[in-house]
Amino acid sequence: MKKGYTEEWVHQRLLAIRIRNELTDEWQKRGVEKGKEYAILTDEITRAWAGMSTGQYKRLKGLKKENLRDNMSDLELVLTMLAEASTTGISKEEQPEGFSDSQKVARRGGRVAGVARQALEAETGGRSSQRRTRQTSGSLSPIL
């Protein structure tokens with residue numbers, strides 16, 4: 001595998017891409033504009049589950065131009081998928097109109113994964129066996 005990724009991680013990353021595409025398809029149906037509005041909503045989701053913006057998360061991991069998701073642990077990817085799938089589900093149920101309503105839904109979807117992260121941290125004392133990032137640099141995940 002390229003970059004030292006396992007076959008399992010690649011499969012999980014492909015699933016994450018599918019879940020992300022379902023979310024962006026939903027945003028498009030709701031009148032959210034690609035580009036800046038997608039980035040703002042992604043930040044809302046990330047902030048709600050991880051406690052920081054996507055940019056802050058990248059800086060904490062020491063990333064410059066690298067893709068954040070390609071540098072997430074299995075658990076971070078799972079939490080991201082949970083946040084995005086939850087946002088998609090809430091949006092389909094409530095059918096928000098436009099960016100502002102979708103922003104509220106994004107916060108709620110992200111909070112679902114935030115609650116899961118906090119519960120896991122409570123059970124593990126803030127530690128997880130999935131702490132290492134996917135990069136071979138060995139840097140630790142900032143979240144778990």
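I start with a definition: helices (H or I, at least four residues) and strands (E, at least two) are DSSP runs, numbered from the N terminus. Gly98 is found in one of these, helix α5.

Before going on, some ground rules. This is a predicted model, in which local features need pLDDT of at least 70 and side-chain atom pairs count only at pLDDT 80 or more, while totals for chains, interfaces and linings use all residues. Residues are numbered from 1 along each chain as its sequence is written, and side-chain values use heavy atoms, with hydrogens and water left out.

The term pLDDT stands for the predictor's confidence in each residue, from 0 to 100. Its mean over the chain is 87, and 85% of the residues reach 70 or more. Over residues 129-141, however, the pLDDT is below 50. That stretch still has 29 contacts in the model beyond near neighbours in sequence, where a contact means heavy atoms within 4.5 Å.

Now the overall layout. The chain has five helices and zero strands, so the order from the N terminus is simply α-α-α-α-α, by the DSSP runs I defined. Of its 144 residues, 44% count as buried. Buried means under 20% relative accessible area, exposed over 50%, and partly exposed in between, using a 1.4 Å probe and protein chains only. Among contacts with a separation of 6 or more, 62% join residues 24 or more positions apart.

Back to Gly98. Is Gly98 buried or exposed? Gly98 counts as buried because its relative accessible area is 19%. Leaving aside neighbours within four places in sequence, Gly98 is in contact with Arg30 and Val32. Gly31 is 67 residues away from Gly98 along the chain, yet their C-alpha atoms are separated by 4.8 Å.

Lys29 sits in helix α1, which covers residues 7-29. Lys29 is exposed, because its relative accessible area is 61%. From Lys29 to Ser91 there are 62 residues along the chain and 10.0 Å between the C-alpha atoms.

Next, helix α4. Leu75 has its place there, and it is buried because its relative accessibility is 16%. Leu75 and Arg117 are 42 residues apart in sequence, with 9.2 Å from C-alpha to C-alpha. Not counting residues up to four places away in sequence, Thr80 touches Trp49, Arg69 and Met72.

Most residues other than glycine have a negative phi. Gln95 is not a glycine, but its phi is positive, about 50°. Gln95 counts as partly exposed because its relative accessibility is 48%.

Now the aromatic rings. Rings of Phe, Tyr and Trp (its six-membered ring) pair if their centres lie within 6.5 Å; planes under 30 degrees apart count as stacked, over 60 as edge-to-face and the rest as tilted. How many aromatic pairs does this rule give? The count comes to three. One of them is Tyr5 with Trp9, a stacked pair with 4.1 Å centre to centre and 15° between the planes. Tyr5 is buried because its relative accessibility is 10%, and Trp9 is buried because its relative accessible area is 3%.

Last, the pockets. On a 1 Å grid over the protein atoms alone, a cavity is a set of points where a 1.4 Å probe fits but cannot get out, and a pocket is an open set with protein on both sides within 12 Å along at least five of seven lines; lining residues have an atom within 4 Å of a point. Grid points are joined across faces, edges and corners, and a volume is the space filled by probe spheres set on the points.

The largest pocket has a volume of about 220 Å³. It is lined by 15 residues, and the closest to its centre are Thr42, Thr46, Thr54, Leu68 and Arg69. Which helix gives the most to this lining? That is α2, with six residues. Helices α2 (36-50), α3 (54-60) and α4 (74-94) each supply at least two residues. By type, the lining divides into six nonpolar, four polar and five charged residues. Here Ala, Val, Leu, Ile, Met, Phe, Trp, Tyr, Cys and Pro count as nonpolar, Asp, Glu, Lys and Arg as charged, and the others, Gly among them, as polar.
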